[in-house]
Amino acid sequence: MKFLTVVLIIAAAAAAGWCYYFGPYYLDEFRMNDVVGSAALSWTAYSEDRAHETLRQEMQHRGVGEYLTTEDCNFYTDVGDTKVVDCSWYVDVQLPGNQGRRLNFRVAYAAAPGATSAEKR
């Protein structure tokens, strides 16, 4: 085999391994961007209780991992009555060879009164 072919095969195997071990957690972070933004808008438009319910329902609907719960999210009011939903969590991923790695995630969105879209914090 040519050198370049071997390098490409090794790179493809490394990428597949990364996707297998870490991909699902980064996919959950991607999903949480929409979920948290929706919760922030729901709080601004309705109430905090409705925002908590929106967060729970959207997490369930989008299939976010069971390791991530609504207790990982904080709801608070910022300057100018801006409603903020801030979720942070970590995941310990066990790798082959008795190694592990901790992945830290944070997704926060804010919505001002009368906003039609939430902005990332």
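Q: How many bridges join strand β2 to strand β3, and do they run parallel or antiparallel?
A: In this predicted model, 13 bridges join β2, residues 82-95, to β3, residues 99-111, and the two strands run antiparallel.

Q: Which residue is the bridge partner of Asp 92 in β3?
A: Asp 92 has Arg 102 as its bridge partner there.

Q: What do β2 and β3 form, and how many residues lie between them?
A: They form a hairpin, with three residues between the strands. In the turn, Gly 97 has a positive phi of about 85 degrees.

Q: How many bridges join β3 to β4?
A: Two bridges join β3 to β4, which covers residues 119-120, and this pair also runs antiparallel. Tyr 109 has Lys 120 in β4 as its bridge partner.

Q: Zooming out, what pattern does the protein chain follow along the sequence?
A: The order is α-α-β-β-β-β, that is, two helices and four strands. The chain is more spread out than a compact globule, because its radius of gyration is 19 Å, well over the 14 Å that the globule rule gives for 121 residues.

Q: What does the C-alpha trace span along its principal axes?
A: About 65 × 30 × 25 Å.

Q: And how much of the chain counts as buried?
A: 32% of the 121 residues do. The chain exposes about 7,800 Å², with carbon and sulfur atoms supplying 53% of that area.

Key. Residues are numbered from 1 along each chain as its sequence is written. This is a predicted model: local features need pLDDT of at least 70, side-chain atom pairs count only at pLDDT 80 or more; totals for chains, interfaces and linings use all residues. Side-chain values use heavy atoms; hydrogens and water are left out. The radius of gyration is taken over C-alpha atoms; the globule rule is 2.2 Å times the number of residues to the power 0.38. Buried means under 20% relative accessible area, exposed over 50%, partly exposed in between (1.4 Å probe, protein chains only). Accessible areas come from the Shrake-Rupley method with a 1.4 Å probe; for residues, only the protein chains shown count as cover. Two strands pair if DSSP finds at least two bridges between them.
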